[in-house]
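Hello,

Here is the structure I promised to pass on. Please open it alongside this message; my notes follow below.

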Amino acid sequence: MKLYSNTRSRSNTILPLLKELGIVDQVEIIEIPYEKMHEAEYLNINPMGKVPCLVDGDSVVTETAAIFAYLTDKYIEKGFAPALNDPKRGEYLKWLFFCHGPLTEYMDMKSVKVTAEQMEAQKTGLSFGNEQLLLDFIKIGLSRANPYLLGEKITAADLYLAYWLVYAMSFKIIPYLDEFKPFIQGIQQRESVKDVHWFQAV
Ligand SMILES: N[C@@H](CCC(=O)N[C@@H](CS)C(=O)NCC(=O)O)C(=O)O
């Protein structure tokens, strides 16, 4: 497999998963400079001109959450996704899509400096509602975590959520609430994130 990536991008969110799945040596990381992402050679692979992009034979998988889901299903025996017939599967997908959808959209709005007032005025049409609703959703999810989102077993959804939270907290996009601490501290201990700057920065 090939993972088209950039060291200063969200493709980094995938790297701890490769370690957890024990497939680092099966994935060639191809660094694409931002200046080259919209050149024909890369647009032929991903017409969106963005990273991450995973190529596995004839399959071209873009969108971070899809890559998490694809890899954890491909290596289902590693236990980082509930099986298709596992009742926990729905909640697993919910958290992956939550990270990719509402949480990412909120982070993007903050980084382009959309104000709280502008968001509030549009909150019924925004996928995350407003900051309070977003934070409450995460707080409630983490208050039920034991210690992971789906219970005793870690999944890729924990890795994605924890990565996005520490990244957002490092940039003060989201506050480091006490309710987040046990979850974040648990993931921080894992070997797979030891070299991830954001986990050490919070
Ligand atoms: N929805 C995509 C977004 C990917 C994305 O925005 N990647 C940025 C880097 S963080 C990128 O490749 N930007 C290059 C560009 O647009 O020129 C995902 O979550 O995978």
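**Cysteines and ligand site**

No disulfides turn up in a search of the whole structure. Keep in mind that this is a predicted model.

C53 has 0% relative accessibility, so C53 counts as buried, the cut-off being under 20%. C99 also comes out at 0% relative accessibility and therefore counts as buried.

Now the ligand. Where does the ligand sit? The ligand is in the largest pocket.

- H38: a polar side-chain atom lies 2.8 Å from a ligand oxygen atom.
- K50: an N or O atom of the side chain is 2.7 Å from an oxygen atom of the ligand.
- V51: here a polar backbone atom is involved, 2.9 Å from a nitrogen atom of the ligand.

How much of the ligand does the protein bury? On its own, the ligand exposes 520 Å². The protein buries 79% of that.

Best wishes

Methods:
Residues are numbered from 1 along each chain as its sequence is written. This is a predicted model: local features need pLDDT of at least 70, side-chain atom pairs count only at pLDDT 80 or more; totals for chains, interfaces and linings use all residues. Side-chain values use heavy atoms; hydrogens and water are left out. A disulfide is a pair of cysteine sulfur atoms within 2.5 Å. Buried means under 20% relative accessible area, exposed over 50%, partly exposed in between (1.4 Å probe, protein chains only). A polar contact is a pair of N or O atoms within 3.5 Å; within protein, one must be able to donate a hydrogen and the other to accept it, and residues adjacent in sequence count only if both atoms are side-chain atoms. Accessible areas come from the Shrake-Rupley method with a 1.4 Å probe; for residues, only the protein chains shown count as cover. On a 1 Å grid over the protein atoms alone, a cavity is a set of points where a 1.4 Å probe fits but cannot get out, and a pocket is an open set with protein on both sides within 12 Å along at least five of seven lines; lining residues have an atom within 4 Å of a point. A molecule sits in a cavity or pocket if more than half of its atoms lie within 2 Å of its grid points.
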